[in-house]
Amino acid sequence: SLLPGTNDLALVKTGPTNAAANQVITYSLNWLATPPNGATNVQVIDTLPNAATINFVGASGNYELVGDTLTWDLGHLSPGDKGKFYVYVQVKSNATNGTTFQNEGRIANGQFDGNTGNNISSIVTRVVSPCVPVTVTDIPVGSTNCTGSAVTFDAVANGTAPLFTQWRKNGTPIPGQTNLTY
């Protein structure tokens with residue numbers, strides 16, 4: 001349990017365990033300010049591996065890229081606030097089959113975090129050639145909503161292109177729903 005007045009920030013990073021040279025891969029950083037306390041001056045920081053180059057970075061907030069480090073300033077978080085950022089990188093074309101690289105993310109603030117064990121999360125990716133088996137690296141999370149209210153699901157998959165998506169409900173394909181977000 002946490003000491004009174006302390007916060008607990010958490011970060012879970014997902015991404016592929018295998019990638020091919022020249023392949024664009026996706027990492028997701030899921031962050032949370034766990035109850036009962038919020039936090040101030042919160043940042044999510046992602047340090048890119050040497051074996052990858054930035055292709056595109058997408059986020060639900062503003063980020064700053066300095067060298068190989070991405071930083072999102074989240075400011076004040078209330079208890080239960082959560083979110084997700086995506087980082088897209090391209091494996092260098094000269095990456096050697098069998099080598100590995102690590103991508104690390106962390107969440108931090110200027111206060112005492114009562115549980116630092118969940119502040120850092122990393123993924124190790126192995127370069128494979130020529131084919132990368134399909135894996136879902138960020139699975140959709142179920143939701144229970146009131147009738148008539150909206151809900152959004154998203155997923156991240158990795159593998160040798162081309163990849164295709166088909167959303168299903170109770171095992172039955174939903175017609176026309178083939179994007180990564182539904």
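Where is Asp81 found? Asp81 lies in the loop between strand 7 and strand 8. The model is a predicted one: local features need pLDDT of at least 70, side-chain atom pairs count only at pLDDT 80 or more, and totals for chains, interfaces and linings use all residues. Residues are numbered from 1 along each chain as its sequence is written, and side-chain values use heavy atoms, with hydrogens and water left out.

The protein chain holds zero helices and 14 strands. Helices (H or I, at least four residues) and strands (E, at least two) are DSSP runs, numbered from the N terminus. Of the 182 residues of the chain, 36% count as buried. Buried means under 20% relative accessible area, exposed means over 50%, and partly exposed lies in between (1.4 Å probe, protein chains only). The accessible surface of the chain comes to about 10200 Å². Carbon and sulfur atoms account for 53% of that surface. These areas come from the Shrake-Rupley method with a 1.4 Å probe; for residues, only the protein chains shown count as cover. Contact means heavy atoms within 4.5 Å. Among contacts between residues at least 6 apart in sequence, 71% join residues at least 24 apart.

Six strands form an open sheet in the order 2-10-9-4-7-6, with mixed pairing. Two strands pair if DSSP finds at least two bridges between them. Strand 2 (18–19) and strand 6 (63–66) stand at the edges. Each has a single partner strand, so one side of each is left without a neighbour in the sheet. Strand 4 pairs with strand 9 (residues 100–108) in the antiparallel sense, over five bridges. Asp46 stands opposite Gly105 in strand 9.

Asp46 also takes part in a salt bridge with Lys13 (2.4 Å, N to O). The pair links distant parts of the chain: Asp46 is in strand 4 (residues 39–47) and Lys13 is in strand 1 (residues 8–14), 33 residues apart. Here a salt bridge is a side-chain nitrogen of Lys or Arg within 4 Å of a carboxyl oxygen of Asp or Glu. The count by this rule is one. Both Asp46 and Lys13 are buried.

The largest nonpolar core has 25 residues. Such a core is a set of buried Ala, Val, Leu, Ile, Met, Phe, Trp, Tyr and Cys residues joined through side-chain atoms within 4.5 Å. Trp31, Val44, Leu74 and Val87 have the most contacts inside this core. Its largest share, five residues, comes from strand 3. Four aromatic pairs are found in the whole structure. In the pair of Trp72 and Phe85, the ring centres are 4.4 Å apart and the planes are at 5 degrees, so the pair is stacked. Trp72 is in strand 7 (residues 69–77) and Phe85 is in strand 8 (residues 82–91), 13 residues apart. Rings of Phe, Tyr and Trp (its six-membered ring) pair if their centres lie within 6.5 Å; planes under 30 degrees apart count as stacked, over 60 as edge-to-face and the rest as tilted. Trp72 and Phe85 are both buried. Ring pairs link Trp31, Tyr63, Trp72 and Phe85 into a cluster.

Asp81 is partly exposed, with a relative accessible area of 29%. Leaving aside neighbours within four places in sequence, Asp81 is in contact with Trp31, Leu32, Ala33 and His76. The C-alpha atoms of Asp81 and Leu32 are separated by 5.8 Å, although these residues are 49 residues apart along the chain.
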